[in-house]
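Biologist: I would like to learn how to read a structure feature by feature. Please give the general idea each time, then the case at hand.

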Amino acid sequence: NGTKLSASYEYRYSFFETFFLRDDQIHRNNVSLERQVSENLDVYFSDQFVSTREPTIIESSGTVTTLLRTEFDVIRNFATAGFVRQLNDTTSVGVEYTNRYYDYEDPGFSRILDRVEHSVTVDGRKLLREDQGLAVTTGIVGYQFQDVGFSDDSTIAPGVTPDIRDRRSHFLFVGADHLFSERLQGSIRVGVQMTDYHNTPNDEDVTNPYVDAK
């Protein structure tokens, strides 16, 4: 049994000579905890807090195609907790909860982007290929529930509040993780997403296929 705890804090001050950009102060806190409770059970927790105006830091994953920089502070917090249970030498199950929180001081961004996201993922993993004790290919099947609630109380149009975009989604997926080399790993998920926009006048339901590869 073992425990791994890490924590970090970063402060950065950015000065802009351009008169129409205000100076930016970035605060970033990271905390993570991993614990092997038993030979077959691992639990983990992480939290990432950021206060900044820089869009590439607010959304630190994925490709940023439009830089929505605001001259007001933005608070963003990501928290994750979960566990992985090893059933046998090749099979495991995992449960993970994720919370994402966004709070924009800029009223224009606040009414369209302030939100809280909750998601719960349950998946099963099967080791398909192993090389010298290292997992090379792992098959995955799983389910995720996601609830997104927009939290600003202003209006985005006459008689329309941000919570009209609230949604609840169900994801069913299969996929695989593959280790190509010590420095290169890839994953793919293929499935279906069923979304309920429960605050729309017609209580709209949308079903779409999706593919996520990285």
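Biologist: How many helices and strands does the protein chain have?

Modeller: Helices (H or I, at least four residues) and strands (E, at least two) are DSSP runs, numbered from the N terminus. The protein chain has two helices and ten strands, and along the sequence these follow the pattern β-β-β-α-β-β-α-β-β-β-β-β. This is a predicted model, in which local features need pLDDT of at least 70 and side-chain atom pairs count only at pLDDT 80 or more, while totals for chains, interfaces and linings use all residues. Residues are numbered from 1 along each chain as its sequence is written, and side-chain values use heavy atoms, with hydrogens and water left out.

Biologist: In what order do the strands of the open sheet lie, and with which pairing?

Modeller: Strands of a sheet pair through backbone hydrogen bonds, either parallel or antiparallel. Two strands count as paired if DSSP finds at least two bridges between them. Here the ten strands of the open sheet have the order β1-β2-β3-β4-β5-β6-β7-β8-β9-β10, with antiparallel pairing. The edge strands, each pairing on one side only, are β1 (2-14) and β10 (204-213). From one strand to the next the twist averages 10°, where axes are lines fitted to C-alpha atoms (for helices over the stretch in contact) and angles run from 0 to 180 degrees between N-to-C directions.

Biologist: Over how many bridges do strands β2 and β3 pair?

Modeller: Strand β2 (residues 24-38) and strand β3 (residues 41-52) pair over eleven bridges, in the antiparallel sense. As an example, Arg-35 has Val-43 in β3 as its bridge partner.

Biologist: What share of the residues of the protein chain counts as buried?

Modeller: Buried means under 20% relative accessible area, exposed over 50%, and partly exposed in between (1.4 Å probe, protein chains only). Of the 214 residues of the protein chain, 29% count as buried.

Biologist: How many salt bridges does a search of the whole structure find?

Modeller: A salt bridge is a side-chain nitrogen of Lys or Arg within 4 Å of a carboxyl oxygen of Asp or Glu. The search finds seven. One of them joins the side chains of Arg-12 and Glu-10 at 2.8 Å, N to O. Glu-10 also forms a salt bridge with Arg-28, with the closest N and O atoms 3.0 Å apart. Glu-10 lies in strand β1 and Arg-28 in strand β2, so this pair ties together parts 18 residues apart in sequence. Glu-10 is partly exposed at 26% relative accessibility, and Arg-12 is partly exposed at 36%.

Biologist: Which residue forms a salt bridge with Asp-177?

Modeller: Arg-125 does, with the closest N and O atoms 3.2 Å apart. This pair links distant parts of the chain, Asp-177 in strand β8 (residues 167-181) and Arg-125 in strand β6 (residues 115-131), 52 residues apart. Asp-177 counts as buried at 13% relative accessibility, whereas Arg-125 is partly exposed at 28%. Both belong to a network of salt bridges that links Asp-123, Arg-125, Asp-177 and Arg-189.

Biologist: Which residues form a nonpolar patch on the surface?

Modeller: Patches are made of residues with over 30% relative accessible area and no salt bridge; like charges are joined within 9 Å, nonpolar side chains (Val, Leu, Ile, Met, Phe, Trp, Tyr) within 5 Å. Accessible areas come from the Shrake-Rupley method with a 1.4 Å probe, and for residues only the protein chains shown count as cover. The patch consists of Val-141, Val-174, Ile-188, Val-190 and Val-211, with about 410 Å² of accessible area together. Val-190 lies in strand β9 (residues 184-197) and is partly exposed, with a relative accessible area of 38%.
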